[in-house]
Amino acid sequence: MSNLDSSRGNWSSKVGFIVAAAGSAIGLGNIWRFPYVAGENGGAAFVLIYIVFVILIGLPVMIAELSIGRNTRKNPVGAFKKLFPKSYWKVVGGIGVLTGIGILSFYAVIAGWTLQYAVKSITSPGYINYTEEQGAELWQNFFSDRENKISVITDNNLSKDSTEAMTDEKIDIILNQFSGTDEFKSYKEKKMGQLHTDKIFNDFVSNPFLPIIYLFIFIGLTSAVVMGGVSAGIERWSKILMPVLFLLLIILAIRSVTLDGASKGLEFYLKPDFSKIKLETFARALGQAFFSLSLGMGTMITYGSYISKRDNLVTSASSVVFFDTLIAILAGLVMFPALFAMGMDPAGGSGLVFVVLPSIFAKMPGGIFFGAGIFLLLSIAALTSTISLLEVPVAYLVDDKGWSRKKATILMGLAAFLVGIPAAVSFGANDWLTKIPILKVGFLDFMNAFFGNYSLSIGSLLIAIFVGYKWGVKAVQREVEQEGNIFKLKLIWAFLIRFICPIAVVIILGYIIVTQKYF
Ligand code: TRP
């Protein structure tokens with residue numbers, strides 16, 4: 001324990017904080033959300049915009065949040081109250097508390113999927129392979145549909161004519177010619193693999209019970225750790241397991257990049273094609289930056305409240321941002337080469353990792369071993385993130401409302417579970433929630449956009465305004481420059497937090513509201 005007077009507990013060292021904060025930041029946001037959002041938004045050009053936002057907007061907001069937290073030693077609501085007791089700024093903290101529950105509710109659903117894949121890899125390791133009969137059946141189902149037949153023609157460039165108006169006879173003639181070739185054989189094999197991993201995924205997520213059970217388990221695990229208190233629970237887990245996750249990702253990236261046909265994926269992921277950028281791409285990249293760095297709802301205020309005055313907030317924040325971005329980029333390097341090698345669609349949506357990863361394992365010696373490992377580690381990475389989501393409302397109720405930690409944890413965990421149930425059945429189990437009328441998205445996707453993009457963007461905007469114009473950039477500079485620490489780029493930071501962050505967020509949100517391209 002370092003020089004803290006309060007009994008709230010704190011990180012055991014600077015490294016302890018970095019590990020815990022990186023544990024919060026690194027999670028499904030990097031490995032599940034980043035690749036599929038990048039895939040939906042054109043690949044490399046999105047990645048570039050994302051990185052720019054992380055550096056120019058994410059890092060400054062993180063420094064702001066950590067300063068507020070360390071200065072006040074409070075949860076987000078208490079922090080604003082302490083600095084300006086009679087103002088409405090505490091509402092920003094209140095939005096953060098609600099957002100924590102909102103994100104936790106759907107995040108834990110995806111974490112539950114991850115856990116279920118880990119369990120499946122251990123209990124029925126054969127799941128990534130299919131028997132000849134299964135393959136034949138999948139192919140037959142696929143090939144009996146006109147749309148699918150047309151996709152075979154376009155996938156393989158079999159005809160120069162427009163396929164729209166093609167007669168069924170013509171389609172069959174073209175495909176008959178194709179079916180004798182070697183290309184057809186390898187295409188069919190790829191397709192069957194893809195249909196198989198799709199089927200496993202869809203069977204699971206559309207099940208009306210299993211995803212709810214795993215949601216419950218995951219929230220239970222999260223609550224158990226949060227009840228145990230901060231540094232004992234969070235730090236210890238992250239310190240050992242994050243490096244292992246990193247190593248496994250590197251191995252998978254190597255396998256993925258060396259698959260036949262991987263180069264197209266590399267090009268998609270690394271060679272920017274700016275014609276693919278639409279204005280809403282900026283909104284997705286901004287939301288993803290806040291989400292991935294755990295910003296905009298006071299997580300970093302809460303985590304900052306446990307940092308020692310001796311630590312340099314700027315270098316700590318920079319390390320967290322660096323590791324978080326590294327893992328996201330690496331996850332893309334695992335996903336895209338494999339995805340293109342298997343002939344899958346990069347804009348496949350939120351199921352992406354769950355269909356791409358198993359198809360990589362199927363092509364690796366000892367693949368199932370890696371499968372179990374990666375899904376287990378991903379579950380743990382998700383756990384260190386859900387902990388930080390639940391910690392915000394719990395810290396608020398404990399500090400400000402005088403609740404016991406146990407009562408706060410149980411009630412908030414229960415709330416997240418209940419709100420998570422509709423998200424858990426929004427992938428086929430319940431038709432209405434799978435495609436909500438008018439919105440035309442599923443409930444989980446809606447929660448993900450509402451809380452995971454917009455609520456965080458608004459939260460970050462308000463935090464930037466608060467620090468830039470109310471509390472003042474000088475206060476942050478003083479907070480950073482304690483015990484001999486120097487804030488080297490403080491003028492640049494002040495410029496970014498006062499002008500670039502608020503203006504960028506307002507323009508981007510304004511555009512989304514005007515065009516109503518919310519999802
Ligand atoms: N950043 C985490 C991830 O990438 C998710 C997360 C944890 C989060 N705490 C948060 C997101 C607070 C926003 C705000 O998986």
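What is the space taken by the ligand, in terms of the cavities? The space taken by the ligand is the largest cavity, where a cavity is defined on a 1 Å grid over the protein atoms alone as a set of points at which a 1.4 Å probe fits but cannot get out, and where a molecule sits in a cavity if more than half of its atoms lie within 2 Å of its grid points.

The model is predicted, so local features need pLDDT of at least 70 and side-chain atom pairs count only at pLDDT 80 or more, while totals for chains, interfaces and linings use all residues. Residues are numbered from 1 along each chain as its sequence is written, and side-chain values use heavy atoms, with hydrogens and water left out.

**The ligand and its shell**

The ligand is surrounded by 17 residues, and the closest are Ala-25, Gly-29, Tyr-107, Phe-291 and Ser-294; a residue is taken as near the ligand if one of its heavy atoms lies within 4 Å of it. By residue type, the shell divides into eight nonpolar, nine polar and no charged residues, with Ala, Val, Leu, Ile, Met, Phe, Trp, Tyr, Cys and Pro counted as nonpolar, Asp, Glu, Lys and Arg as charged, and the others, Gly among them, as polar.

| Residue | Protein atom | Ligand atom | Distance |
|---|---|---|---|
| Ser-24 | polar backbone atom | nitrogen | 3.4 Å |
| Leu-28 | polar backbone atom | oxygen | 3.2 Å |
| Ser-294 | polar side-chain atom | nitrogen | 2.9 Å |

Taken alone, the ligand exposes 360 Å², and the protein buries 100% of that; the accessible areas come from the Shrake-Rupley method with a 1.4 Å probe, and for residues only the protein chains shown count as cover. Two or more residues of the shell around the ligand are given by each of helix 1 (14-25), helix 2 (28-40), helix 5 (90-123), helix 13 (279-292) and helix 17 (367-401), where helices are DSSP runs (H or I, at least four residues) numbered from the N terminus.

**Buried positions in the helices**

Helix 2, one of the elements that contribute to the shell, also holds Ile-31, which counts as buried because its relative accessible area is 3%, buried meaning under 20%, exposed over 50% and partly exposed in between (1.4 Å probe, protein chains only). Ile-31 and Ser-457 are 426 residues apart in sequence, and their C-alpha atoms are 21 Å apart in space.

Pro-337 is found in helix 15 (residues 313-341) and is buried, with a relative accessible area of 0%; its C-alpha atom is separated by 8.3 Å from that of Tyr-269, which is 68 residues away along the chain. Val-205 lies in helix 9 (residues 182-205) and is likewise buried, with a relative accessible area of 1%, and a C-alpha separation of 9.8 Å relates Val-205 to Val-109, 96 residues apart along the chain.

**Loop residues**

The loop between helix 19 (431-434) and helix 20 (443-480) is the place of Ile-438, a residue that has a positive phi of about 70 degrees although it is not a glycine, and that counts as exposed because its relative accessibility is 79%. Lys-440 lies in the loop between helix 19 and helix 20; its phi is near 60 degrees, a positive value in a residue other than glycine, and Lys-440 counts as exposed at 59% relative accessibility.

In the loop between helix 4 (76-83) and helix 5 lies Ser-87, which counts as buried because its relative accessibility is 15%. The side chain of Ser-87 reaches the backbone nitrogen of Trp-89 at 3.2 Å.

Definitions and conventions:
Polar contact = N/O pair within 3.5 Å; in protein donor to acceptor, adjacent residues only side chain to side chain. 1 Å grid on protein atoms, 1.4 Å probe; cavity = no way out; pocket = protein on both sides within 12 Å on 5 of 7 lines; lining within 4 Å.
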